Amino acid sequence: MSPSFLCRRVGSLANVREMFEISKNPMHFLQNNQLLMFRSFSSAKQHSFTVSYLINSCELSPETALSASRKIQFETPERADSVLELLRNFGCTNTHISKIVRRCPRLLTADPEKTLFPKLEFFHSVGFSGPELASIVIANPQILKRSLENHVIPCYNFLKSVVMVNGNIVRALNKSYWLSGQSLENTVIPNIAILKEVGVPMSNISFLVTCHPTAVSQNNEKFSRSVKMVIEMRFDPTRVTFLKAVQVMVETSEQSGSIKWMFIGSGV
């Protein structure tokens with residue numbers, strides 16, 4: 001029998017003996033059990049409080065509250081109460097708040113003063129009423145966690161320059177694209193410049209930005225190629241059907257001939 005084998009056997013026996021000695025110590029088991037029980041009790045208490053709060057303060061159903069509690073847990077109501085109070089101060093109703101919390105439970109643990117207030121105050125300052133503001137937040141509550149200077153304000157200013165009126169801006173912001181952090185300078189603005197160059201009216205561009213933002217947010221090279229192909233198919237840039245054809249081209253892998261047939265056949 002080799003010396004290395006004997007060493008391994010001795011080491012294994014030593015480990016077994018150590019485990020046996022520990023198992024004979026009742027205090028060791030008692031301490032471990034107490035620690036496990038404490039952790040389990042603490043976690044259950046925290047989970048129970050969160051579910052109860054979501055049901056009673058946010059008007060979530062028991063099933064929805066239970067699901068949301070897997071994403072967020074807290075033991076005291078102070079931070080969450082401050083968040084709810086802030087939302088109400090900006091015109092959100094209980095129904096609005098319920099929808100917001102359902103979409104993003106973690107918002108309840110955000111810093112109301114440093115994180116949430118600046119964005120809500122900005123939207124209020126540019127003229128969004130309670131229901132309009134609530135609609136924006138419900139569409140994507142994460143916008144309240146985005147950078148005000150680097151994302152929210154530039155996004156609003158761009159949409160204002162294109163769609164002009166707040167009602168259309170609300171419709172645009174309800175599309176998740178404008179809240180996702182996509183680069184305006186590298187995609188949207190150059191693509192809109194292409195549409196202007198070929199004679200697309202600003203009112204039609206506004207429609208595209210408001211209702212189909214993903215179409216104008218494609219890679220600049222792909223978008224330019226799609227516009228060129230639609231022009232070669234003799235679509236009129238002054239009509240909405242031109243933008244519909246561009247939208248299909250950039251969002252699908254359809255061949256140009258079948259796309260043209262799609263529009264001719266539909267009578268659009």
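Colleague: Which residues account for 68% of the contacts in the protein with a separation of 6 or more?

Modeller: Start with the term. Contact means heavy atoms within 4.5 Å. Here, residues 24 or more positions apart account for that 68%. Keep in mind that this is a predicted model: local features need pLDDT of at least 70, side-chain atom pairs count only at pLDDT 80 or more, and totals for chains, interfaces and linings use all residues. Residues are numbered from 1 along each chain as its sequence is written, and side-chain values use heavy atoms, with hydrogens and water left out.

Colleague: How many helices and strands does the secondary structure come to?

Modeller: Both are DSSP runs, numbered from the N terminus: helices are H or I with at least four residues, strands are E with at least two. This protein has 15 helices and zero strands.

Colleague: What percentage of the residues is buried?

Modeller: Buried means under 20% relative accessible area, exposed means over 50%, and partly exposed is in between, with a 1.4 Å probe and protein chains only. Of the 268 residues in the protein, 38% are buried.

Colleague: Where is Leu 120, and what does it touch?

Modeller: Leu 120 is in helix H6. Its relative accessibility is 0%, so it counts as buried. Leaving out residues up to four places away in sequence, Leu 120 touches Leu 86, Leu 87, Phe 90, Leu 133, Val 137 and Leu 144. Take Val 137: it is 17 residues from Leu 120 in sequence, and the C-alpha atoms are 9.1 Å apart.

Colleague: Which residues of H9 are buried?

Modeller: Helix H9 covers residues 166–173, and its buried residues are Asn 166, Ile 169, Val 170, Ala 172 and Leu 173. They cover an arc of only 160 degrees around the axis, so they sit on the same side of H9. The arc is that of the directions from the helix axis to the C-beta atoms. What covers these buried residues includes H6 (112–125), H7 (130–139), H8 (148–163) and H11.

Colleague: At what angle do the axes of H10 and H11 cross?

Modeller: Axes are lines fitted to C-alpha atoms, for helices over the stretch in contact, and angles run from 0 to 180 degrees between N-to-C directions. H10 (residues 184–197) and H11 (residues 202–211) have axes that come within 10 Å and cross at roughly 150 degrees. A crossing is left-handed if the near helix is turned anticlockwise from the far one by less than a right angle, and right-handed if clockwise. H10 passes H11 in a right-handed crossing.

Colleague: Which residues meet there?

Modeller: Ile 192, Leu 195 and Lys 196 in H10 meet Met 202, Ile 205, Leu 208 and Val 209 in H11. The residues of this contact divide into six nonpolar, no polar and one charged.

Colleague: Which residues does Leu 243 touch?

Modeller: Leu 243 is in helix H14, residues 240–251. It is buried, at a relative accessible area of 3%. Not counting residues up to four places away in sequence, Leu 243 touches Leu 195, Val 200, Asn 204, Ile 205 and Leu 208. Leu 208 is 35 residues from Leu 243 along the chain, with 7.3 Å between the C-alpha atoms.

Colleague: Where does Glu 59 lie?

Modeller: Glu 59 lies in the loop between H2 (26–56) and H3 (62–68). It has a positive phi of about 60 degrees although it is not a glycine. Glu 59 is partly exposed, with a relative accessible area of 46%.

Notes. Nonpolar A, V, L, I, M, F, W, Y, C, P; charged D, E, K, R; others polar.
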